[in-house]
Amino acid sequence: MSFVSDGSLPFRDNVDHARRHGVTGIAEPGGSIRSGDVEDACREFGIALARTGLRLFHH
């Protein structure tokens, strides 16, 4: 199962929650000040992470 976001994942708990639901791949734009935490969580859980560099969500 995959999880895709058009806004950056700002916190590791997004990955923790995704894992509990069986996610094995995440695609997100990256660029959050906590992107390293997200990447570390994906590595820890064996979740594939793709950084798209495309951000459609703006606020």
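**Exercise 1.** Across which strands does α2 lie, and at about what angle does α2 run to β3?

*Solution.* The model under study is predicted.
Step 1: identify the sheet. Three strands, in the order β1-β2-β3, make up an open sheet with parallel pairing. Its edge strands are β1 (2-4) and β3, each of which pairs on one side only. From one strand to the next, the twist averages 15 degrees.
Step 2: place the helix. α2 lies across β2 and β3, and its direction makes an angle of about 150 degrees with β3.

**Exercise 2.** Determine which residues of α2 are buried, and explain how they are arranged about the helix axis.

*Solution.* Step 1: apply the cut-off of under 20% relative accessible area for a buried residue. In helix α2 (residues 35-45), Ser 35, Val 38, Ala 41 and Cys 42 are buried.
Step 1: view the helix down its axis. The buried residues of α2 fall within an arc of 125 degrees, so they line one face of the helix. An α-helix has 3.6 residues a turn, so residues three or four places apart point the same way.
Step 2: find the cover. The elements covering these buried residues include α1 (13-20), β2 (25-28) and β3 (48-51).
Step 3: inspect the face turned away from the buried side, where Arg 43 and Glu 44 are exposed.

**Exercise 3.** Which residue in β2 is the bridge partner of Val 4?

*Solution.* Step 1: β1 pairs with β2 in the parallel sense over 3 bridges.
Step 1: the bridge partner of Val 4 in β2 is Ala 27.

Methods: Residues are numbered from 1 along each chain as its sequence is written. This is a predicted model: local features need pLDDT of at least 70, side-chain atom pairs count only at pLDDT 80 or more; totals for chains, interfaces and linings use all residues. Side-chain values use heavy atoms; hydrogens and water are left out. Buried means under 20% relative accessible area, exposed over 50%, partly exposed in between (1.4 Å probe, protein chains only). Helices (H or I, at least four residues) and strands (E, at least two) are DSSP runs, numbered from the N terminus. The arc is that of the directions from the helix axis to the C-beta atoms. Contact means heavy atoms within 4.5 Å. Two strands pair if DSSP finds at least two bridges between them. Axes are lines fitted to C-alpha atoms, for helices over the stretch in contact, and angles run from 0 to 180 degrees between N-to-C directions.
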